[in-house]
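This note is meant to be read beside the model. Please keep the sequence and the 3D view open while working through the numbered points.

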Amino acid sequence: MITSDDREPRKARSSSRRQSSAEARVSAAEAMRSAIEQLSELLGRAPESVSSLRPTDQGWEADVEVVELERIPETTSVMASYQVVLDPEGKLLAYERGRRYTRAQVDRRDDQ
């Protein structure tokens with residue numbers, strides 16, 4: 001039989017695990033650098049920018065813009081947006097190429 005005294009240590013261990021995982025989360029700036037470095041290594045191309053970064057319960061998610069095909073003039077170069085998933089420590093877990101577009105392309109909102 002488990003007594004209430006036996007339950008307290010489990011709760012304490014559980015909360016200390018949550019605290020240590022929160023402490024292990026890298027900052028937003030570190031997550032951005034990590035996303036750029038790791039994606040660059042995998043793709044063999046240097047990303048242009050990080051267009052979004054958001055914390056999640058599992059770590060970080062970022063959208064990274066990469067030049068897929070360089071053209072002259074630069075405005076006709078083909079860009080790609082990659083969705084990147086990082087763990088709390090900034091290690092890349094997954095990535096996926098989203099849309100492709102020309103550098104000069106401007107998104108238009110439907111409500112205008």
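1. What share of the contacts in the protein chain with a separation of 6 or more comes from residues 24 or more positions apart? The share is 39%, where contact means heavy atoms within 4.5 Å.

2. Some conventions come before the details. This is a predicted model, in which local features need pLDDT of at least 70 and side-chain atom pairs count only at pLDDT 80 or more, whereas totals for chains, interfaces and linings use all residues. Residues are numbered from 1 along each chain as its sequence is written, and side-chain values use heavy atoms, with hydrogens and water left out.

3. The protein chain contains two helices and four strands; in sequence order the pattern is α-α-β-β-β-β. These elements are DSSP runs numbered from the N terminus, with helices (H or I) of at least four residues and strands (E) of at least two.

4. The accessible surface of the protein chain is about 8100 Å², and carbon and sulfur atoms hold 48% of that surface. Such areas come from the Shrake-Rupley method with a 1.4 Å probe; for residues, only the protein chains shown count as cover. Of the 112 residues, 27% count as buried. Buried means under 20% relative accessible area, exposed means over 50%, and partly exposed lies in between (1.4 Å probe, protein chains only).

5. The largest nonpolar core has 15 residues, and those touching the most other members are Ala 35, Leu 39, Val 64, Val 66, Tyr 82, Val 84 and Leu 86. Two or more residues of this core come from each of α2 (28–43), β2 (59–69) and β3 (78–86). A nonpolar core is a set of buried Ala, Val, Leu, Ile, Met, Phe, Trp, Tyr and Cys residues joined through side-chain atoms within 4.5 Å. In soluble globular proteins, nonpolar side chains tend to be buried together.

6. Leu 86 deserves a separate look. Beyond its neighbours within four places in sequence, Leu 86 is in contact with several residues, including Ala 31, Ala 35, Trp 60 and Leu 92.

7. Ser 81 belongs to strand β3. Is Ser 81 buried or exposed? Ser 81 is buried, because its relative accessible area is 9%. Apart from neighbours within four places in sequence, the contacts of Ser 81 include Asp 63, Val 64, Glu 65, Arg 97 and Tyr 101.

8. Arg 25 sits in the loop between α1 (4–24) and α2. With a relative accessible area of 30%, Arg 25 is partly exposed. Its side chain reaches two backbone oxygens: that of Thr 56 at 2.7 Å and that of Gly 59 at 2.6 Å. A polar contact is a pair of N or O atoms within 3.5 Å; within protein, one must be able to donate a hydrogen and the other to accept it, and residues adjacent in sequence count only if both atoms are side-chain atoms. Arg 25 and Pro 88 are 63 residues apart in sequence, yet their C-alpha atoms are 4.4 Å apart in space.

9. How many salt bridges does the structure hold? There are seven, a salt bridge being a side-chain nitrogen of Lys or Arg within 4 Å of a carboxyl oxygen of Asp or Glu. Side chains of opposite charge can pair when their charged atoms come close.

10. One of the salt bridges joins Glu 68 and Arg 45, whose closest N and O atoms are 3.6 Å apart. Glu 68 lies in strand β2 and Arg 45 in the loop between α2 and β1 (47–56), so this pair ties together parts that are 23 residues apart in sequence. Glu 68 is buried, at 14% relative accessible area, whereas Arg 45 is partly exposed, at 32%.

11. Another salt bridge pairs Glu 48 with Arg 103, the closest N and O atoms being 3.2 Å apart. This pair links distant parts of the chain, 55 residues apart: Glu 48 is in strand β1 and Arg 103 is in the segment after β4 (92–102).

12. Lys 91 and Glu 89 also form a salt bridge, at 3.4 Å from N to O.

13. The last point concerns the backbone. The peptide bond from Ile 72 to Pro 73 is cis, with omega near 0 degrees, and Pro 73 is in the loop between β2 and β3. Most peptide bonds are trans.
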